[in-house]
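Subject: Structure handover

Hello,

Please find the structure below, with notes on what was found in it.

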Amino acid sequence: MNQQTGLNKILSTPVQLGDLKLKNRFIQAPLTRLRSDLDTGLANDLMNTYYSQRTSFGLQITETVMTHQMKGYFPYLTNEQQSQQWKKIVDSVHEQGGLICLQISHGGRTNISSMGSPPVSPSPIKINGKNKFTNNECYETPKELNIEQIKQIVNDFQQSAILAKQSGFDAIQLHAANGFLVDQFLRESSNLRTDEYGGSIPNRCRFCLEIIDVLISVFGSGRVSIRFSPVGRYNQMYDSDPLALMKYIFIELEKRNLSFVELRRFGKFDLSAPVEEGQAHPELQIPNFFQTLRQYYSGNIVANDGITIKEAESLVNDKTAEAISFGKLSISNPDLPIRYDYDQEINNMADHHTFYSQGPQGYIDYPKYDRL
Ligand SMILES: Cc1cc2nc3c(=O)[nH]c(=O)nc-3n(C[C@H](O)[C@H](O)[C@H](O)COP(=O)(O)O)c2cc1C
């Protein structure tokens with residue numbers, strides 16, 4: 001389906017995001033694909049092919065990479081060898097004129113002990129259910145982190161950032177979305193602490209901002225980004241006042257002058273979708289999600305989730321967002337920006353069966369548009 005609106009190819013215009021000069025407004029969203037080496041967490045040649053196919057995007061954000069061991073699941077960046085393997089990918093992307101940002105994360109209570117890192121969280125509240133990525137193992141009750149352990153994790157983020165810098169990444173993004181550890185500190189449902197890391201909004205934001213500051217110390221503020229999903233429910237997250245949380249953290253982030261903030265909307269206008277008892281519908285918590293949040297943040301915004309080319313053009317045109325990140329569309333269209341430029345069909349059929357499978361199928365075999 002061709003989705004052009006005639007807005008003069010606005011998504012093909014370059015944009016400056018902090019220290020990053022993007023050749024267009026298309027960003028490859030962070031996408032876990034589980035193709036790294038299962039035992040060692042090492043990035044490999046298959047991943048190199050996948051990322052090298054997508055260098056027409058103005059910026060590529062990697063799949064999430066953990067600061068701690070996660071055998072058989074996510075890649076992790078804790079040693080020189082892993083850094084060297086990523087360097088090969090970064091070098092290939094650069095050779096083709098691309099820019100690449102590492103998304104860095106800690107799983108917190110989503111961790112599974114058998115994979116090398118036990119679950120930890122601001123409070124001992126477990127996720128009900130099973131982890132579909134890890135042989136359906138049940139989530140465990142996480143250990144409540146003490147202050148010393150919190151400081152250690154902040155330090156781990158710094159060490160992984162140093163390794164990412166050695167790999168040559170152009171930027172680093174803190175994963176503060178989707179119910180991973182940073183998000184677990186931010187939102188009420190997983191943070192019942194009464195010390196300086198819980199309770200008030202400034203306290204719940206403290207851990208996140210401490211990590212942002214160490215990332216800035218390694219990359220410089222113009223090469224640091226953060227991703228939020230303030231109304232998202234994934235991993236059983238909830239906050240009763242996400243707008244207040246965002247207003248506060250935006251004030252703190254504006255002081256730091258980051259490259260960009262990426263906002264995941266989660267659930268688009270689906271008011272009929274069921275919600276947990278006692279919870280407000282995500283769409284009603286922050287109505288007109290991007291337009292509302294734009295009012296509270298003067299830095300660069302990257303919008304994400306369910307965004308069509310048509311909506312992307314309109315968000316950029318009315319300056320609600322500086323750029324758009326595409327998840328599933330960047331899986332099924334390795335050359336999405338080129339297709340847009342040449343008015344070619346866009347493939348809306350990313351095959352979800354191969355999102356988290358192994359091997360090349362559904363990973364590096366989506367065709368590119370052939371201009372000849
Ligand atoms: C296969 C898959 C893997 C994902 N992995 C990550 C991830 O590692 N980090 C992250 O922040 N979001 C992740 N997401 C969420 C996407 O970045 C994006 O927010 C979501 O797909 C909605 O955007 P879209 O409608 O353009 O696909 C993933 C989504 C999919 C479909």
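By class, the shell around the ligand consists of six nonpolar, eight polar and four charged residues (Ala, Val, Leu, Ile, Met, Phe, Trp, Tyr, Cys and Pro count as nonpolar, Asp, Glu, Lys and Arg as charged, and the others, Gly among them, as polar).

This is a predicted model, in which local features need pLDDT of at least 70 and side-chain atom pairs count only at pLDDT 80 or more, while totals for chains, interfaces and linings use all residues. Residues are numbered from 1 along each chain as its sequence is written, and side-chain values use heavy atoms, with hydrogens and water left out.

Ligand site

The ligand has 18 residues around it, of which P30, T32, N304, G306 and K328 come nearest (a residue is near if one of its heavy atoms lies within 4 Å). An N or O atom in the T32 side chain is 2.6 Å from a ligand oxygen. For N304, a polar side-chain atom lies 2.6 Å from an oxygen atom of the ligand. T64 uses a backbone N or O atom, 3.2 Å from a ligand oxygen. On its own the ligand has 610 Å² of accessible area, and the protein covers 92% of that (Shrake-Rupley method, 1.4 Å probe).

Salt bridges

The whole structure has 15 salt bridges (a side-chain nitrogen of Lys or Arg within 4 Å of a carboxyl oxygen of Asp or Glu). One joins D195 and R193, N to O, at 2.8 Å. In E311 and R265, which also form a salt bridge, the closest N and O atoms are 3.0 Å apart.

Regards

Notes. Polar contact = N/O pair within 3.5 Å; in protein donor to acceptor, adjacent residues only side chain to side chain.
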